[in-house]
Amino acid sequence: MIFHTYNAEETEHIGQMLAQKLQPNAIIALNGVLGAGKTVLTRGLARGLGITGIIKSPTFTIICEYEGRLPLYHMDMYRISTDDEFEMTGGKELLFAGGVCVIEWSENIRESLPENIITISIRVITPEEREIEIEGIEL
């Protein structure tokens, strides 16, 4: 399914709607260029999971963990280039730790991911408009 959003609040709302459908061990591959809104969508997911703290990009920490209805593991694989490096971060063991894994730049660790995952692609249409394509789950 494809959605169009025109501001950060609308992008967050898509994340909140998605969070209502997520079950333990949900894995979300989140794709999009720098600045597309990956962290904004993740912030909406977090709100939908009952997480109230500040959600920030894990670019330098690689993995941020948050507690909510389900734990949220927000991963950024931008600096990770192999599946072995992913395993060394401890990320591989979080995939089936009972929470929700949101993985930015998941293409860098594709071999470590199972086949049945949720894929979300965010495309920048204009500075305000985003096209959000969600595959692997129905909203």
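In strand β7, Ser121 has Glu133 as its bridge partner. The two strands involved, β6 and β7, run antiparallel and are joined by 6 bridges; strands count as paired if DSSP finds at least two bridges between them. β6 and β7 form a hairpin, with 5 residues between them. The model is a predicted one, in which local features need pLDDT of at least 70 and side-chain atom pairs count only at pLDDT 80 or more, while totals for chains, interfaces and linings use all residues. Residues are numbered from 1 along each chain as its sequence is written, and side-chain values use heavy atoms, with hydrogens and water left out.

β7 in turn pairs with β1 in the antiparallel sense over 4 bridges, and Phe3 has Ile132 of β7 as its bridge partner.

These strands belong to an open sheet of 7 strands with mixed pairing, in the order β1-β7-β6-β2-β5-β4-β3. β1 (2-5) and β3 (63-66) stand at the edges with a single partner strand each, so one side of each has no neighbour in the sheet. On average, neighbouring strands of this sheet are turned by 20° against each other, direction ignored. Axes are lines fitted to C-alpha atoms, for helices over the stretch in contact, and angles run from 0 to 180 degrees between N-to-C directions.

The chain as a whole has 4 helices and 7 strands; these are DSSP runs, H or I of at least four residues for helices and E of at least two for strands, numbered from the N terminus. Along the sequence the pattern is β-α-β-α-β-β-α-α-β-β-β.

Helix α1 (residues 8-19) lies across β1, β2 (26-31), β6 (118-124) and β7, and runs at about 145° to β1. The axes of α1 and α2 (residues 38-48) come within 6 Å and cross at roughly 45°. That makes α1 oblique to α2, where angles under 35 degrees count as roughly parallel, over 145 as roughly antiparallel, 65 to 115 as roughly perpendicular and the rest as oblique. Contact, meaning heavy atoms within 4.5 Å, involves residues including Ile14 and Leu18 of α1 and Val40 and Leu41 of α2.

Finally, the overall dimensions. The C-alpha atoms fill a box of roughly 40 × 30 × 30 Å along the principal axes. With 139 residues, a compact globule would have a radius of gyration near 14 Å, and the chain agrees with its 14 Å; the radius is taken over C-alpha atoms, and the globule rule is 2.2 Å times the number of residues to the power 0.38.
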